[in-house]
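Dear colleague,

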Amino acid sequence: MIIAILALQGAFAEHQQMLQRLGVESFLVRNINDWNKPKDALIIPGGESTAMMKIMNDEGLTEPIRNAIREGLPVFGTCAGLIMLDSDHLNTMNITAKRNAYGRQLGSFYTESGFEGIGTIPMTFIRAPYIEKVGENVDVLAVVDGKIVAARQEKQLVCAFHPELNTDTKIHEYFINMI
């Protein structure tokens with residue numbers, strides 16, 4: 001199994017380290033040549049969604065990534081990655097995200113909460129979004145303070161928090177089992 005990690009900006013190195021801990025091969029995607037390498041799945045990390053979308057457009061990655069996800073490539077989006085999969089951006093997942101929903105950097109927080117099928121896990125929120133609305137075929141996996149913070153639609157998984165910033169590997173294992 002080989003997982004591509006979008007490495008335009010954000011917490012891509014932390015995802016790669018998590019996959020290494022789990023013994024899963026990965027590579028970083030910075031341009032179309034990287035994207036064209038064989039892969040079984042994609043991780044879109046946290047960071048700044050506007051910056052990542054601009055770089056994706058500049059590098060000619062937007063349509064190839066969108067098409068691959070629509071054709072069934074498993075994808076895991078965290079924080080900004082959640083935003084990028086929503087109806088206003090790549091439009092592959094039937095969700096609407098609320099950007100910076102918890103405010104500025106000072107609104108960042110850590111909690112532990114339940115995740116469907118896994119149990120209680122650590123959740124680190126940094127200028128995080130949440131999911132305002134879910135549509136057809138979307139399963140809500142986690143809710144914190146009444147806000148949807150994780151969901152799945154077929155082979156797409158999103159989290160508003162950063163599982164790669166904690167030592168718990170359960171979310172990455174969940175994604176690997178989806179592939």
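A contact here means heavy atoms within 4.5 Å, and on that basis T169 touches M18, R21 and L22, not counting residues up to four places away in sequence. This is a predicted model, in which local features need pLDDT of at least 70 and side-chain atom pairs count only at pLDDT 80 or more, while totals for chains, interfaces and linings use all residues. Residues are numbered from 1 along each chain as its sequence is written, and side-chain values use heavy atoms, with hydrogens and water left out.

T169 lies in the loop between β11 (156-159) and α6 (170-178), where helices (H or I, at least four residues) and strands (E, at least two) are DSSP runs numbered from the N terminus. T169 counts as buried at 15% relative accessibility; buried means under 20% relative accessible area, exposed over 50%, and partly exposed in between (1.4 Å probe, protein chains only).

Most residues other than glycine have a negative phi.

As for the side chains, K39 lies over the face of W35, 4.1 Å from the ring centre; the rule asks for NZ of Lys or CZ of Arg within 6 Å of the ring centre and within 35 degrees of the ring normal.

With regards
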